[in-house]
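Work through the exercises below with the sequence and the coordinates side by side. Try each task before reading its solution.

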Amino acid sequence: MTTHMTGTRAQWLAARLALLEAEKELTRRSDELARRRQELPWVGIDKQYRFETEEGSASLADLFRGRSQLLIYHFMFGPDYTAGCPSCSSIADGFNGFVVHLANHDITLSAVSRAPLAKLQAYKQRMGWIFPWASSHGGDFNADFSVRFTEEQLPAGSSVAVA
């Protein structure tokens, strides 16, 4: 038996309208954060990163696949993992649906992980994914873009995953 509160239609409507205002404020704050993110300065990349892909060895420029923009999803799948991060996997489940739409807007989507390519390909096949996925195994790419941390780099008690 549930112990959830019950009330009248008028009480529900008042509570729902208050919640709607909070939701609208959250959306405004999210929009502002997105605007600030878009205004971050661009930084030239001089380092020659190498990735392993289904097509072979690739540079960062190659990952663009001829498009003007590259959207990289840093997928947590380290060399010692037996499967991809559950949250990353859940997010990636939607990539097949919009990777084509991004391509039609001159954007290439690619996931990048530190696991060797063979592990990534096996997991990709198991999950039924078709989006590009590159391995940065053995390189500095993830660390240089602050999406990989060692135990020593994290403050004590941090909830950030070491990948």
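**Exercise 1.** Against which strands and helices do the buried residues of helix 5 pack?

*Ground rules.* The model is predicted, so local features need pLDDT of at least 70, side-chain atom pairs count only at pLDDT 80 or more, and totals for chains, interfaces and linings use all residues. Residues are numbered from 1 along each chain as its sequence is written, and side-chain values use heavy atoms, with hydrogens and water left out.

*Solution.* 
- Step 1. Locate the helix: helix 5 spans residues 117–127. Helices (H or I, at least four residues) and strands (E, at least two) are DSSP runs, numbered from the N terminus.
- Step 2. Pick out the buried residues of helix 5: L117, L120, Y123 and K124. Buried means under 20% relative accessible area, exposed over 50%, and partly exposed in between (1.4 Å probe, protein chains only).
- Step 3. List the partners. The buried residues of helix 5 pack against strand 1 (50–53), helix 3 (86–92), strand 4 (107–113) and strand 5 (133–135). Contact here means heavy atoms within 4.5 Å.

**Exercise 2.** How many aromatic pairs does a search of the whole structure find? Classify the pair F77 and Y123.

*Solution.* 
- Step 1. Count: the search finds 18 aromatic pairs. Rings of Phe, Tyr and Trp (its six-membered ring) pair if their centres lie within 6.5 Å; planes under 30 degrees apart count as stacked, over 60 as edge-to-face and the rest as tilted.
- Step 2. Apply the rule. The ring centres of F77 and Y123 are 5.5 Å apart and the planes stand at 80°, so this pair is edge-to-face.
- Step 3. Check burial. F77 is buried, with a relative accessible area of 3%. Y123 counts as buried at 7% relative accessibility.
- Step 4. Compare W129 and W133. Their ring centres are 5.8 Å apart with planes at 55°, so the pair is tilted. W129 is buried at 6% relative accessibility, and W133 is buried at 4%.

**Exercise 3.** Where are R65 and D106 found?

*Solution.* 
- Step 1. R65 lies in the loop between helix 2 (60–63) and strand 3. Its phi is positive, about 50°, although R65 is not a glycine. R65 is partly exposed, with a relative accessible area of 42%.
- Step 2. D106 lies in the loop between helix 4 (95–103) and strand 4. Phi of D106 is also positive, near 70°, in a residue other than glycine. D106 is partly exposed at 33% relative accessible area.
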